[in-house]
Amino acid sequence: MADHAEKTADDAGNDKSKKKAGIAGLLGKLPVLLGGVMVIEGAVLFAGFKFFGGGAPHPAAAELVKAESAEAEQEAGAAAGEGEKSKAAEGESKGEKESAPKEEAHGEKKAEKPPAKAEGKEGKESAEKSGEKPAVKRGKHQAVELAVVEFRAPNKVSGKTFIYDVSVYAVTKGENEAKLRAVLADREATIKDRIRTIIAQSDPEKLGGGSEPGLETLRRQIKHQLDELAGDEIVDEILIPRCIPFRVD
């Protein structure tokens, strides 16, 4: 009995020790099992990513390449279009530059001709009216004859009314021609008034060529008036090619 009790006690102790050993073994193997499970899970996840995600990047990469190529083509097309526009603009600018001088040259020629004609006509008309020749280049000391007045002036000194048809010219040197022309043009009314006064106050015998066939007094008086207006040493001589009296009453 005592032996049986000891055996049962030993068996119970052995069972307890075995249980403890089994539990300890399980606890010792648990980390290994957990590690294995984690490795398996990692392998499964890696295989899943490889299977499901391995083919997906290729279409995205292809689309990216296509997008880049499309952008490159668009940029190339835009650059080509800008190049063509710049060439066209250069061609237009060259054409405008080439045509502009021609048009300007034609315009200048057309614009220059009418004024020349107008001036020529005006010069001829004024020369015909005044009786003087058109201005030409002359030497400094060459004599120039300029028309002063051509008009009719009354005289009543003798008690009878006479109208004198008078033509007066002034002789000057070529170097003084421009100055005398300017004075005759600017002071035209004053000159006519003073010559009319001289004729109105003169003796009819001196105007008609009776006592002075050369009209010396009339020449001297007109030259004095012109010297006051134009300056001394400008008028060299006064010419009176016509002084014809007409009796009115």
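Trainee: Which residue is the bridge partner of A153 in β2?
Mentor: A153 has Y164 as its bridge partner there. Helices (H or I, at least four residues) and strands (E, at least two) are DSSP runs numbered from the N terminus, and two strands pair if DSSP finds at least two bridges between them.

Trainee: Before we go on, what kind of model is this?
Mentor: This is a predicted model, where local features need pLDDT of at least 70 and side-chain atom pairs count only at pLDDT 80 or more, while totals for chains, interfaces and linings use all residues. Residues are numbered from 1 along each chain as its sequence is written, and side-chain values use heavy atoms, with hydrogens and water left out.

Trainee: Got it. Back to bridges: which residue in β2 partners R152?
Mentor: That one is D165. Another facing pair is V144 and T172, the latter in β2.

Trainee: In what sense do β1 and β2 pair, and over how many bridges?
Mentor: They pair in the antiparallel sense over 12 bridges, with β2 covering residues 162-173. Six residues lie between the strands of this hairpin, and G159 takes a positive phi near 90°.

Trainee: And how many bridges join β2 and β3?
Mentor: Nine, again in the antiparallel sense. For instance, Y169 has L239 in β3 as its bridge partner.

Trainee: So what order do the three strands take in the sheet?
Mentor: The order is β1-β2-β3 in an open sheet with antiparallel pairing. β1 (143-155) and β3 (237-247) are the edge strands, each pairing on one side only. From one strand to the next, the twist averages 10°. For angles here, axes are lines fitted to C-alpha atoms, for helices over the stretch in contact, and the angles run from 0 to 180 degrees between N-to-C directions.

Trainee: Which helices pack on the sheet?
Mentor: Helix α4 (residues 188-201) touches β1 and β2, and its direction makes about 55° with that of β1. Helix α6 (residues 216-230) touches β1, β2 and β3, with its direction at about 120° to that of β3. Contact means heavy atoms within 4.5 Å.

Trainee: How many residues of β2 are buried?
Mentor: 10 of the 12, so β2 is largely enclosed by the rest of the structure. Buried means under 20% relative accessible area, exposed over 50%, and partly exposed in between (1.4 Å probe, protein chains only). Across the chain, buried residues make up 20% of the 249 residues.

Trainee: What about P245, where does that sit?
Mentor: P245 lies in strand β3 and counts as partly exposed because its relative accessibility is 34%. Leaving out residues up to four places away in sequence, P245 touches F162, I163 and Y164. The C-alpha atoms of P245 and T161 are separated by 9.8 Å, although the two residues are 84 apart along the chain.

Trainee: Switching to helices: at what angle do α3 and α6 cross?
Mentor: Roughly 100°, and the axes of α3 (residues 177-186) and α6 come within 10 Å. The two are therefore roughly perpendicular, the class for 65 to 115 degrees; under 35 counts as roughly parallel, over 145 as roughly antiparallel, and the rest as oblique.

Trainee: Which residues make the contact?
Mentor: From α3 they are K179, L180, V183 and L184, and from α6 they are L226, L229 and A230.

Trainee: Last one: what is the mean pLDDT of the chain?
Mentor: The mean is 74, and 53% of the residues reach 70 or more; pLDDT is the predictor's confidence in each residue, from 0 to 100. Over residues 103-111 the pLDDT is below 50, and beyond near neighbours in sequence this stretch has zero contacts in the model.
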